[in-house]
Amino acid sequence: MRVLLSWLREFAPVEGTPAEMGDQMSMLGMAVESLDVFDPMESIVVARVLDLKPHPDADRIQLVDVDPGDGEPLQICCGAFNMTVGDLVPLATIGTVMPNGMEIAKRKMRGETSNGMLCSAAEIGLGSDHEGIFILSGELEVGEPLMAQIGLAGDVLYDLEINPNRPDAMSVAGVARDLAAHQGVAFVMPDWSVEETSESIDDVADVVIHEPDLCGRFVARVLRNVDVGVSPMWMQMRLTLCGMRPISSVVDVSNYVMLELGTPNHTYDLDKVPNGHLGVRRAVEGEELITLDDSERTLRASDGVIVDNTDTAIGIAGVMGGASTEIGESTSNVLLEVAWWNERSIAESSTSLGLRSEASARFERGTDWDVNTRAVNRFCALLSDQGATVVSGIIDVRGNLRDTPVVDVRVPRVNAMLGTDLSADAIVALLEPIGFSCCVSDDVVTATVPTFRPDCEFEIDIIEEIARHHGYQAIAKTVPKSPDAGHLTSVQTARRELKATLAGAGFNEIVPSPFLSPDDVIRSGLDVDAVVEVRNPLAAEESIMRPSLLPGVLSVIAYNQSHRSGDLALFEMGHTFGVPLAGETLPDENTWLAVAVTGSDATAAKAGWDLVAASVGVETATLVNRDDLPGLHPTRAAEIELDGRTIGRVGEVDPGALEAWSISGRVAWLEVKVDDLLAARIESKPYRVVSTQPSSDIDLAFMVPDDTQASAIEATLVEAGGDDLASIRLFDVYRGEQVGDSARSVAWALRLQARDRTMTDADIAVVRQRCIDAVESTHPARLRD
């Protein structure tokens with residue numbers, strides 16, 4: 001956003017050096033990216049072209065006789081050919097030092113004397129056009145300094161960075177309001193008035209809003225006797241320096257008002273609008289329209305359009321007008337529109353059409369609907385200065401406008417957020433100059449948000465405004481104090497310890513994607529109907545949130561086996577997502593721990609569970625064999641139960657799932673619901689005395705029916721072993737002809753170690769027999785020969 005200092009001063013008497021005011025705007029959040037101070041350049045004057053003659057010895061140079069103000073012809077050698085006799089042009093007289101440092105002197109060019117230089121706009125810093133001589137408008141006085149006549153002598157051009165949350169600063173008036181409030185000077189928004197004819201606007205135009213949510217306010221006026229010509233030089237200069245290309249008197253006034261007040265407007269050739277009727281509606285899907293850039297646009301049903309009395313679209317609401325009602329050289333009657341459009345609708349239309357304009361950029365951020373009447377009057381005032389007449393009356397049709405926010409701002413909250421000690425009166429003094437209406441009750445300032453600030457809806461937005469105008473540089477630097485230094489919760493600590501335990505045991509942590517394809521779920525043997533689908537997946541083939549960690553772990557195993565990585569010991573701790581529970585809208589989200597060992601059977605999974613249980617101090621969990629666990633082996637899987645609840649599963653992955661993933665060999669599997677596991681943990685785990693005595697190992701294998709829990713037998717062995725049992729490990733489960741149908745052989749390795757002596761063979765035999773007797777008397781089991 002570019003603004004001229006002289007333009008700002010039309011709204012407020014701001015003072016200071018160019019650099020000081022630039023710093024002030026930057027501190028207010030409108031960062032100054034560059035500033036240019038215009039040299040008065042009094043030796044560059046307005047000259048009139050008197051005669052054009054070819055150079056006798058150079059085809060690319062012509063001899064131009066100009067009147068520098070004294071009526072006497074002055075010859076200039078010039079390489080540009082865009083002039084005609086009578087044109088006004090900038091003349092750099094002899095001795096002028098140009099902005100680029102070049103000094104103008106009398107010189108000969110192929111034998112002809114040049115007594116100065118005719119300038120392009122770029123050469124004197126008034127634009128980017130350097131192709132030809134800058135042709136000036138006819139109201140300037142010959143012989144007088146150019147910069148003074150166009151009001152730019154000593155002026156300053158600021159190039160500001162305006163953030164998306166500051167739509168009010170997308171105008172000269174908005175920047176002036178902020179700067180005036182900072183300097184404590186009065187900001188005045190002029191109330192322009194125009195002389196009107198006796199003709200009533202109700203007789204020549206009307207507006208109907210069919211889509212009130214799209215258009216909240218539509219203001220219109222009619223002008224007659226419009227001369228579509230060249231706008232005044234001062235207006236052309238302001239537009240050019242602010243990044244707009246002068247086109248014609250009507251278009252230039254339209255752009256000028258938009259830059260000045262921040263609200264875009266649109267002009268129609270009234271004679272091309274049947275009966276002067278304008279309507280606002282949504283487009284019909286596939287409806288077509290040729291816009292002002294001569295492009296044919298195909299519209300969606302969500303796009304807003306302006307229509308005539310035949311319901312034909314003549315413009316895209318808030319984005320670009322249609323070619324059918326464009327202002328042309330023959331236009332004499334103009335229908336002016338200033339409307340407020342729904343920000344989201346304009347943004348969606350602009351994006352879908354790939355059409356971004358100065359108007360849409362402002363409407364997307366939000367414009368001030370309350371300034372619409374002032375804007376049409378400003379437009380009419382500027383064009384009436386050029387001879388146009390204004391029809392009496394204003395059309396002002398309302399749709400659905402948003403309620404003006406009224407926000408309670410707590411003084412203690414302001415000071416807590418900013419580290420200040422502001423009073424309620426001080427806060428009011430900061431807010432009222434930028435348009436907020438305030439009243440105070442105790443320690444609460446109730447602020448009514450002005451219509452030009454659609455970005456301010458909540459208390460924190462108002463606090464930001466207070467901070468801007470109080471000045472961030474005025475807030476003392478402090479080091480925040482906390483009564484309690486940051487630390488992990490006990491659950492977070494337990495999770496990290498559990499991960500560290502598995503890593504220390506040789507397991508590698510993996511982090512697969514939480515998004516799956518339906519095929520991943522099916523291949524893993526899980527129910528694809530009980531999943532949470534993603535509405536807007538990043539990839540079409542990953543449209544499901546994982547119901548289990550199993551598919552992700554299997555994908556990692558399959559990938560590593562395809563690269564011949566050998567056997568793997570993996571673990572993952574992550575979230576799973578189930579369908580919402582009754583009465584809930586969000587997915588049923590839980591944290592699970594998964595452990596997988598390739599090339600291993602259920603005994604490795606059981607060992608993994610023992611490690612996990614010992615890590616958190618859980619001793620009362622039991623295993624219950626199940627033959628219907630999704631994704632797991634029908635005869636080599638069990639549920640982990642704790643205090644009457646199922647908290648996990650242990651066993652082997654279903655061979656069908658392994659085949660579907662092209663995984664060879666067995667895969668031991670353990671999955672545990674972390675929160676349930678940690679809820680039963682022992683905060684202070686007891687330590688056991690480490691024996692220094694020698695140990696002895698024995699193996700015991702029992703023949704048991706298939707429905708007898710191995711974990712129950714193991715519990716009996718642990719109890720029978722007593723203090724002499726140092727450790728126990730299930731190392732083999734065998735099924736085959738030697739054990740018969742519906743039975744299996746289960747073998748454990750027991751390590752015996754007394755705390756106070758070396759165990760003799762007799763001691764070991766006693767413990768061994770005690771264990772055998774306990775198992776055979778408690779379970780339908782017998783020692784295998």
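Modeller: A residue is called buried when its relative accessible area is under 20%, exposed when over 50%, and partly exposed in between (1.4 Å probe, protein chains only). This is a predicted model, in which local features need pLDDT of at least 70 and side-chain atom pairs count only at pLDDT 80 or more, while totals for chains, interfaces and linings use all residues. Residues are numbered from 1 along each chain as its sequence is written, and side-chain values use heavy atoms, with hydrogens and water left out.

Biologist: Which residues of helix α13 are buried?

Modeller: An α-helix has 3.6 residues a turn, so residues three or four places apart point the same way. In α13 the buried residues are A494, L498 and L502. Viewed down the axis of α13, they fall within an arc of 75 degrees (taken from the directions from the helix axis to the C-beta atoms), so they line one face of the helix. R496 and G504 are exposed on the other side of α13. Helices (H or I, at least four residues) and strands (E, at least two) are DSSP runs numbered from the N terminus.

Biologist: What covers the buried residues of α13, and how many residues does this helix have?

Modeller: The cover includes β31 (569-578), β32 (588-598), α16 (602-616) and α18 (674-679). Helix α13 (490-504) has 15 residues and reaches 21 Å from its first C-alpha to its last, close to the expected 21 Å; the expected span is 1.5 Å times one less than the number of residues. Just after α13, G506 takes a positive phi of about 100 degrees.

Biologist: Where is T708 found, and is T708 buried or exposed?

Modeller: T708 is in the loop between β37 (696-705) and α19 (710-721). T708 counts as buried, at 8% relative accessibility. Apart from neighbours within four places in sequence, T708 is in contact (heavy atoms within 4.5 Å) with N625, I713, R744 and P780.

Biologist: What describes a pair of aromatic rings, and how many such pairs does the structure hold?

Modeller: Such a pair is described by the distance of the centres and the angle of the planes. The structure holds five aromatic pairs. Rings of Phe, Tyr and Trp (its six-membered ring) pair if their centres lie within 6.5 Å; planes under 30 degrees apart count as stacked, over 60 as edge-to-face and the rest as tilted. F11 and F187 form a stacked pair, at 6.1 Å centre to centre and 15 degrees between the planes. F11 lies in the loop between α1 (5-8) and α2 (18-27) and F187 in the loop between α4 (172-183) and β11 (196-200), so the pair ties together parts 176 residues apart in sequence. F11 is buried, at 4% relative accessible area, whereas F187 is partly exposed, at 22%. Elsewhere, ring pairs link W7, W234 and Y256 into a cluster.
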